[in-house]
Amino acid sequence: MPGGSRNPLVVGRVIVEVIDPFEISIPFRVTYGNRDLGNGCELKPSQVANQPRVSVGGDDLRNFYTMVLVDPDAPSPSNPNFREYLHWLVTDIPETTGPNFGNEVVSYESPRPTMGIHRLVFVLFRQQFRQRVYAPGWRQNFNTREFAELYNLGLPVAAVFFNCQRESGSGGRTF
């Protein structure tokens, strides 16, 4: 499913604008409250105010993962000059667990878009080994591809995105 036209990550332009085509190779689940994220679902800022529950599948605690949450539409989809805005960065997440068992490099910042519908993208990378990862100097203009290259993470192993707009916003994203 790396580049197929039915792939929601392609349709939502996550593949191309944020990450390169990849094959999903590990189960990855993100839950806000009691709602599991599905690609392209709509959530309001009040629904994402608290850090989500995240679980990485698999069965080998010796494998470690890095997870990022970015907004490629900041500050607005029509003028994304902060692309990508980093909302969360966790490394050294053992397989079968979640971010609470990893190293939080950049703390969770809840999305609060003010203009337009924003895509919020969770990307999971398998680490080749445990390593020291440094927090970027600022959250805006983070680049997931460059980060993965800097730390030799390779292609993602899983990703999921949702759409978020201001609390009083209406309408959905069309592609």
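Two strands pair if DSSP finds at least two bridges between them. Helices (H or I, at least four residues) and strands (E, at least two) are DSSP runs, numbered from the N terminus. The structure is a predicted model, in which local features need pLDDT of at least 70, side-chain atom pairs count only at pLDDT 80 or more, and totals for chains, interfaces and linings use all residues. Residues are numbered from 1 along each chain as its sequence is written, and side-chain values use heavy atoms, with hydrogens and water left out.

**View 1. Strands β8 and β9 pair in the antiparallel sense.** The two are joined by seven bridges, and β9 covers residues 158-164. One of the bridge pairs sets His118 against Cys164 in β9.

**View 2. Strand β8 also pairs with β5.** Strand β5 spans residues 64-71 and runs antiparallel to β8, with six bridges between them. Met67 has Leu124 of β8 as its bridge partner. Strand β8 (residues 118-126) is mostly covered, with eight of its nine residues buried; buried means under 20% relative accessible area, exposed over 50%, and partly exposed in between (1.4 Å probe, protein chains only).

**View 3. An open sheet is formed by three strands in the order β2-β1-β4.** The pairing in this sheet is antiparallel. Strands β2 (35-36) and β4 (53-56) stand at the edges with a single partner strand each, so one side of each has no neighbour in the sheet. Strand β1 (residues 28-32) is linked to β4 by four bridges. Arg29 has Ser55 in β4 as its bridge partner.

**View 4. The whole chain holds three helices and nine strands.** From the N terminus, the order of elements is α-α-β-β-β-β-β-β-β-β-α-β. Along the principal axes, the C-alpha atoms fill a box of roughly 45 × 35 × 30 Å. Of the 175 residues, 50% count as buried. Among contacts (heavy atoms within 4.5 Å) between residues at least 6 apart in sequence, 73% join residues at least 24 apart.
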